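Me: Could you take me through the model shown below, one question at a time, giving the cut-offs of each term as it comes up?

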Amino acid sequence: MQEKIVNYIFNHPKVIFGGVLLLSLITAAMLPMIKIDTDPENMLPVDQVERQFHNQIKADFNLHDMIVVGAVNQSPEGIYNPKSLQALLTVATQTAQIEGVIDYDLMALSHVDNIKQAGPGSIQFEWLMKQAPSSQVDIEQLQQAVDRLPLLKNTLVSSDYKASSIYVPIADKNQSHRISLEIQAIIDSVDSDDDYHITGLPVAEDTFGYQMFVQMGISAPMAGLMIFLLLWYFFKNLKFIAAPMIVAMATVIMIMGAMIGMGYTVHIMSSMIAIFLMPIAVVDSIHIMSEFVEKYQAESDRESVIRAVIADLFKPMLFTSITSAVGFFSLMLTPIPPVQIFGAFVGAGILLAFVLTIVFIPAYLVTLKKESLDSLRKLHHSKSKLSGWVKGMGQFSVKQHKSVIVFFLSVFAVSIWGVLQIQINDNPVRWFKTDHPIRVADKVLNEHFAGTYDAYLVLQADTAAIESSFFADASVLAPLISSHVEEAKNSDMDFAQQLNEWLYWAEDQLFDAQDQLADDLEQFIALIDQTNIQLAAFKSPDNLAYVAQLQSALQQSGLVGKSNSLTDVVKTVNRELRGGAAVAFDIPDSQAGVAQALLQYQSSHRPHDLWHFVTKDYTSTVVWVQLKSGDNQDMSAVVDYMAEHIANKPPNQLISIHWAGKTYLNKVWQEEMVAGMGMSLISAFVVVFLMMVLLFRSVLFGLLAMLPLTLTIAFIYGLIGWLGKDYDMPIAVLSALTLGLSVDFAIHFLQRARDIYAENQDFNLTMQMMFEEPAAAISKNAVVIAIGFTPLLFAPLMPYITVGFFLATIMAVSAMVTLLMLPAMLRALKTHVMK
Amino acid sequence: MNKILNILMLLLTVMVSQAATIDHIISQANLASFYAGDDGRSDARMIIVDNKDNKQMRQFVILRKDLTEGGDQNFLVVFSRPSDVKDTVFLVHKKVDDEDHRWLYLPALDLEKRISSSDNRTSFVGSDFFYEDVSGRNPQADLHELLKQDDAFYYIKSSPKDPNAVEFKYYTMQIDKQTHLPMVVEYFDQSEAIYRRVEVVEVVDVQGHPTVMKSKVSNLKTGGYTLMEFRRPAYDLGMEDDVFTVRSLRNPPKNWLSGQ
């Protein structure tokens, strides 16, 4: 079989070249269809429960994605000075006119209403800051007004008066990078000495997408260049090293093209596919080429050398490719779609790279002019510096096998200790480096304000009992009425809307109804009125008081900067209606009192603001929670704290409480990912182990093959635990890479050791020979991949840096473990393994 | 002879229409919209619809008495629905040369309140109507310009004398030549994009007065709109002056609230 393939390759090199070229061209043609997706929401499947709930809440309460603009004035007078206020007004007014900004929901000092006392017994609604005040008296009045309004205090102006913010709602979050640039242009054109900052999750996401796109164009080619230079250093033959480069390029193009062509969006994870595939694709080539160079002499026949090389390497290469692919395919077990796609395509890419290596490299080597390979004969790379060290390592590990084993055991123990300290945490804003303007803005604004990260605590009343009692009461009324209700009962309109419709209908009917029917219609109308009142759970003073109680618990948690709710609105309006004294800051005694206060609230310039807090039928309400940190950890802590609080002080039994909001969703996918990663790692581990047992037809060898990857994974995650680096998405995905690459080295090492031993039946000689070409190839591979990814360290995006750093570490560690631990283990188990 | 008469009639018509200056058109529109009869009452039902078709309802009776034709007038608005705001009352003394006087009564809070009315362009109880749409914008607040006319309508553009007092840059009106009612009013923002439209949907003759029975305000930004329907309108009922005093806040005049 293998023989036949090689024969075909030797006879039809042009078919191979043509095929690879054609496939590359076809897939490359799909690359321009690329669609970038940076929405962390997509970490969850579209139909995921919490995600659907979040989007339902966004729709029900008209909640938009927000860009947050903050102005900071560090001088003693702070933001309350004529110049700063004028600048804020100008920025807000012009920002409201940007295409894609929802101007009627924009929040700024100049764009919200003030409710205040206007002389004795009189109240007034007016724009809070229609014109920028210039006199000290007017400025103080503005400051007092803001301090009196709980919805604005510490949200629009910081409590230290140093900063003011503008909340810019946008219709489409994919426009936020453009809109933030336009806002920046407005800020630049305004006469102001204040420091302006722009942040908010949508900006972070969209800007990240933009940067990611740039990085794909920079990092991956730079990595390619680095690999090229290293290969040049090792082989010093341009035509020779062109082969692995072609294999790597073709693999990346075909996989990315296929992925984009199949309609998958490029997410943060998939943007790194090229970076992951590049090293894995050259690994097999390096094995082939190292061995080729070793065996290739002046007089040797190229074809037979290649045959010998393929015969030696086919099996280990096939197995390493399959095991690496399994490592990545296992990612498909996580419930995170971008990670699934990443795993699927990297896994497929590894298999593709194997096929390309096996068919392309031999065809290429045979086709090259003989003279092109002449220089290779001068290479005695087994005598290079690197090989010298590697040989030393081999001798050391065999001689000192007990100390080596003890050493690795202690490293393992320390690593496990580190793993136990891992902090599971992520925050999309932290995907930028600390000095990125978005990180700076995030830091500064959260220092001054109650927090720029939103989460929503949603309270929903169960209305089923009210509905069924309504239908029961309506069914005994005049047939005209009961049949009308029965007919409309199953329409897709919600119950509150149906009540409205029935009310109109009843009134129209009443117009010319007589006697009994008229009485029944009157009764029906009264029933509807009464049902409407029952439905309106969040006009009830008790429930509003419960909301206030939840808010004070949120505050007591110490993790929440501030929360805003319908109760705050009701209390504020009630206070102003009752003369403005602080004692009147309370919930009215009756439901009608609440309704009448809210009717006043709606007589402002922004009546629609109410519907950000409560649905029109008053059956659900949201508490807007402002957090100073977008870390999943902090969100988790708030959620846990509130769960406990709610368990101790449960709401009225018909009310259910859930979380929504972007910060909360981030926490949800983080948790799903951690659980999913554990699952995928374990299953990959088991599958790889079974394959090893199968490959070596020995349980002992299977266990030995698993040693390097077990140690490396433990070490890497132990290191992450010790360094205090958060376990975030890129880190989680590294486990698959570690698993794939570490087992790769182990397979090559063990397979070759067994083959050599089978020939000479001498353990010491085998080890000596192992540290010639095979160990050299392994260390070469480790160095190529480790150094090849140093360009990633210069990327402005943290996930890229993380991947670059840990890739290098993984390579170094797993090569070290393979070359030190395996010989030591083989030596210790000599009598059992080498028979 | 007949011919000469016809020509004379024609000349007369032309002269009259030229005499119908812009001020006259506006003043007639104002009278037709807000001053029909010496007093009047109507049931009103407002349906507030948002861009997702969620509806809210407001029901009230509106009473009006003119003090001078085209001048000061008084309004009393008594709510009946939603039932939890039943008996909430607004009293407005509209002043042409001064700020209106407005009072409010909230029964559940047992609260009588003056409302300062420096700005009449706030929402009327959460609807897309402004207070000004209900009680009438003072024609003197704007500069009016006749853009064109055809057989049916005058087309007018009105710009505020004090641009800082309002949110629009200007508005346009289509005034029906027959009824003098502005049938469509459209408001333009600072970038001259239309963002708000007030339309008369249905007109019925009541006691000789063309009376708006249904009107609609659309907020083109939010995508929401409000429909206002009138029922049982009646004019010249001989309402007493004391219907429109602060006493009526707590004791609305029952006899005028129910339609005849």
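Reply: A crossing is left-handed if the near helix is turned anticlockwise from the far one by less than a right angle, and right-handed if clockwise, while helices (H or I, at least four residues) and strands (E, at least two) are DSSP runs numbered from the N terminus. This is a predicted model, in which local features need pLDDT of at least 70 and side-chain atom pairs count only at pLDDT 80 or more, whereas totals for chains, interfaces and linings use all residues. Residues are numbered from 1 along each chain as its sequence is written, and chains are lettered from A and ligands numbered from 1 in the order in which they are written.

Me: In which hand does H19(A) pass H20(A)?

Reply: The axes of helix H19 (residues 541-556) and helix H20 (residues 566-577) of chain A come within 8 Å and cross at roughly 115°, where axes are lines fitted to C-alpha atoms, for helices over the stretch in contact, and angles run from 0 to 180 degrees between N-to-C directions. Angles under 35 degrees count as roughly parallel, over 145 as roughly antiparallel, 65 to 115 as roughly perpendicular and the rest as oblique, and H19(A) and H20(A) are therefore roughly perpendicular. As for the hand, H19(A) passes H20(A) in a crossing that is left-handed.

Me: How many nonpolar residues has the contact of H19(A) with H20(A)?

Reply: Two residues are in contact if their C-beta atoms, placed from the backbone, lie within 7 Å, and here Leu544(A), Val547(A) and Ala548(A) of H19(A) meet Leu566(A), Thr567(A) and Val570(A) of H20(A). Ala, Val, Leu, Ile, Met, Phe, Trp, Tyr, Cys and Pro count as nonpolar, Asp, Glu, Lys and Arg as charged, and the others, Gly among them, as polar. By class, there are no charged residues and one polar residue in this contact, and the nonpolar residues number five.

Me: Are H7(A) and H9(A) roughly parallel or roughly perpendicular?

Reply: Helix H7 (residues 201-235) and helix H9 (residues 273-295) of chain A have axes 10 Å apart and pack at an angle of about 15°. The contact draws on residues including Ala220(A), Gly224(A) and Ile227(A) of H7(A) and Met278(A) and Val282(A) of H9(A), with eleven nonpolar, two polar and no charged residues in total. The crossing is right-handed, and the angle makes the two helices roughly parallel.

Me: How many of the residues of strand S1 of chain A are buried?

Reply: A residue is buried if 20 or more other C-beta atoms lie within 10 Å of its own, exposed if 12 or fewer, and partly exposed in between, with C-beta atoms placed from the backbone. S1(A) is covered on both faces, with Ile67(A) and Val69(A) among the buried residues on one side and Val68(A) and Val72(A) among those on the other. Of the eight residues of S1(A), the number buried is eight.

Me: What gives the most to the side of chain A that touches chain B?

Reply: Altogether 33 residues of chain A are in contact with 27 residues of chain B, and the residues on the chain A side divide into twelve nonpolar, 16 polar and five charged. S3(A) also pairs in the parallel sense with S6(B) over two bridges, where Ile123(A) has Ile115(B) as its partner. With six residues, the element of chain A that gives the most is H21(A).

Methods: Two strands pair if DSSP finds at least two bridges between them.
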